[in-house]
Amino acid sequence: MHKPISLRTVFSVLAFIVGFAISADTYEVDPAHSFVIFRCLNVAQASSVFIYGRFTDIKGRIVIDKDLAKSSVEITINAESLDTGVPDRDKHLKSPDFLNTKQFPVITFKSKKVESAGKNRYRVTGDLTLHGVTRTVTLTVAKVGEGKNFKGVPVIGFETTFTIKRSDFGMKGLMNVAADEVTLTIAIMGIRK
Amino acid sequence: MIFFVKSAMALSLPPFIATVLLLLASLFASKRRLQILSRFLTASAVAFGYATGHRIATGSLLLIPRSVEDWLPLLAFAALMLSLFENLPKISAPIRLFLRLVLSVASILALLIPLANLSLPSKLGWAFGLGLMLAILWTGLDELSEKQTEALLPLSLSVVTAINSTALLISHSAKLSQLSGVLTAVLGTFFLFCLWQRQWSIAKGASGVFTSLLFGINVSGIFYADLPLLSAILIWLATLSGWVRSLPFSRNLTNWLQIALQILISLSLAAFSVGIAVYKNGLPTGGY
């Protein structure tokens with residue numbers, strides 16, 4: 001016969017669950033206040049200019065835990081939402097020449113490890129999936145700020161800038177048109193759920 | 001201008017060398033009366049010539065495809081293997097046609113499966129429709145190349161692929177445009193070889209490899225870039241323009257008039273293809 005579970009054990013478990021729930025805050029990425037911007041040298045223009053563009057459709061979730069190791073971030077970017085301000089260039093960047101968005105419609109980042117890197121700075125290691133290729137990257141992320149917005153809802157914002165090589169993600173063609181190195185800036189604001 | 005010339009040279013010279021070497025090997029085999037080997041080497045000249053250029057244009061030549069264009073060299077090698085099988089003496093015409101149809105449908109399906117925004121039934125429908133067209137084009141060009149053992153056919157195909165390259169560039173894919181340019185270089189090499197060896201033709205299994213590649217490039221252009229379907233169909237029809245010389249009204253014309261008519265139809269269809277691409281996509285703004 002099983003020994004009955006004591007009231008003390010039940011309370012301990014409940015306290016743990018409640019404690020966990022309290023210690024972890026979940027934020028939904030706010031597309032209106034989040035930006036993914038890229039920069040790439042235009043080699044075809046004698047490497048005299050950087051092309052800037054952004055992705056306008058961003059989704060994601062940030063989990064902030066007191067125990068930093070339990071914190072996480074997931075971001076999904078709609079590759080079709082690329083915008084450089086020149087429609088012909090957008091179509092070219094979305095074609096099989098570069099992103100091939102008809103085959104690879106989303107770009108994702110999923111964290112695996114979050115560590116402190118100083119005051120309001122974090123080292124986030126995770127999987128970046130771009131053009132169907134997943135590579136582990138480590139980003140230095142800065143907390144821009146947090147608090148309650150004008151509606152009284154808790155918000156939090158982060159920003160990171162990092163450089164990747166597009167060839168590492170299978171985009172090896174047309175190196176005489178666009179440089180291999182692409183610098184990405186991800187600035188996201190989360191709204192607490 | 002220097003930029004385009006440099007790009008064209010970098011893309012076309014290695015395929016030219018690879019194609020010439022394999023055509024010379026084929027000629028050597030032919031003189032030794034090794035006809036099956038000779039046909040295989042001629043078809044290999046297209047497949048390996050293209051693969052060389054593909055490696056330069058895309059920066060990779062993968063055995064396991066990841067992005068859609070990675071399939072193109074594999075389609076060429078599948079067509080090459082089928083051409084080897086077709087050249088065996090005891091293969092009947094119905095079996096040959098059936099195998100071409102199966103490979104054509106499978107090739108198109110391979111290109112469409114990675115497409116994210118098309119349902120499986122739609123993919124199957126497109127694969128059967130376009131696969132049937134590919135098999136017809138393959139057979140049509142194969143028969144034509146048996147009839148026209150002269151340099152005009154590879155020259156005509158080379159010009160058509162060059163114009164196709166323009167249509168693809170207008171349709172926002174420089175990479176697919178370059179791949180069509182690689183075919184231009186390969187077929188241009190065949191043209192020069194045919195000028196030297198007057199009785200040489202691309203009939204030796206090479207037409208199947210060429211057709212698979214041209215079809216594959218354009219299907220990628222339709223579904224992954226902005227190439228209009230009608231543009232692609234006109235380009236495919238332009239490759240068969242040599243059949244006009246077999247039509248009843250054309251037989252009464254002199255040889256030179258027949259050749260002029262073939263060139264005129266070929267160029268007109270290809271030009272219409274570019275016109276339709278411009279109509280849909282507009283002229284490139286240039287230098288973006």
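Guide: Let us start where the two chains meet, keeping in mind that this is a predicted model. Across the interface of chain B and chain A, 13 residue pairs are found in polar contact, both residues being at pLDDT 80 or more. The elements that each give two or more residues to the side of chain B that touches chain A are helices H1 (2-31), H2 (35-58), H7 (174-196) and H8 (206-224) of chain B, and the largest share, 4 residues, comes from H7(B).

Visitor: How many residues of each kind make up the side of chain B that touches chain A?

Guide: That side divides into 14 nonpolar, 12 polar and 4 charged residues. The contact as a whole takes 30 residues from chain B and 26 residues from chain A, and the area buried between the chains is about 2,200 Å², of which carbon and sulfur atoms give 49%.

Visitor: How many salt bridges are counted between chain B and chain A?

Guide: The count between these two chains is 0 salt bridges. A salt bridge needs a side-chain nitrogen of Lys or Arg within 4 Å of a carboxyl oxygen of Asp or Glu.

Visitor: Why is B:Ser156 called buried?

Guide: B:Ser156 has a relative accessible area of 9%, and buried means under 20%, so the word applies to this residue. B:Ser156 is found in helix H6 (residues 152-170) of chain B, and, not counting residues up to four places away in sequence, it touches B:Ser241, B:Gln262 and B:Ser266.

Visitor: Which residues touch the most other members of the largest nonpolar core?

Guide: Of the 73 residues in that core, they are B:Val209, B:Val219 and B:Trp236, while H8(B) gives the most to the core, with 11 residues. B:Trp236 touches, among others, B:Leu130, B:Met133, B:Phe215 and B:Val219, again not counting residues up to four places away in sequence. A second, separate core of 41 residues includes A:Ile62, A:Phe162, A:Met171 and A:Ile186.

Methods
Residues are numbered from 1 along each chain as its sequence is written. Chains are lettered from A and ligands numbered from 1 in the order in which they are written. This is a predicted model: local features need pLDDT of at least 70, side-chain atom pairs count only at pLDDT 80 or more; totals for chains, interfaces and linings use all residues. Side-chain values use heavy atoms; hydrogens and water are left out. Contact means heavy atoms within 4.5 Å. Buried area is the accessible area (1.4 Å probe) that two parts lose on being put together, summed over both. A polar contact is a pair of N or O atoms within 3.5 Å; within protein, one must be able to donate a hydrogen and the other to accept it, and residues adjacent in sequence count only if both atoms are side-chain atoms. Ala, Val, Leu, Ile, Met, Phe, Trp, Tyr, Cys and Pro count as nonpolar, Asp, Glu, Lys and Arg as charged, and the others, Gly among them, as polar. Buried means under 20% relative accessible area, exposed over 50%, partly exposed in between (1.4 Å probe, protein chains only). A nonpolar core is a set of buried Ala, Val, Leu, Ile, Met, Phe, Trp, Tyr and Cys residues joined through side-chain atoms within 4.5 Å.
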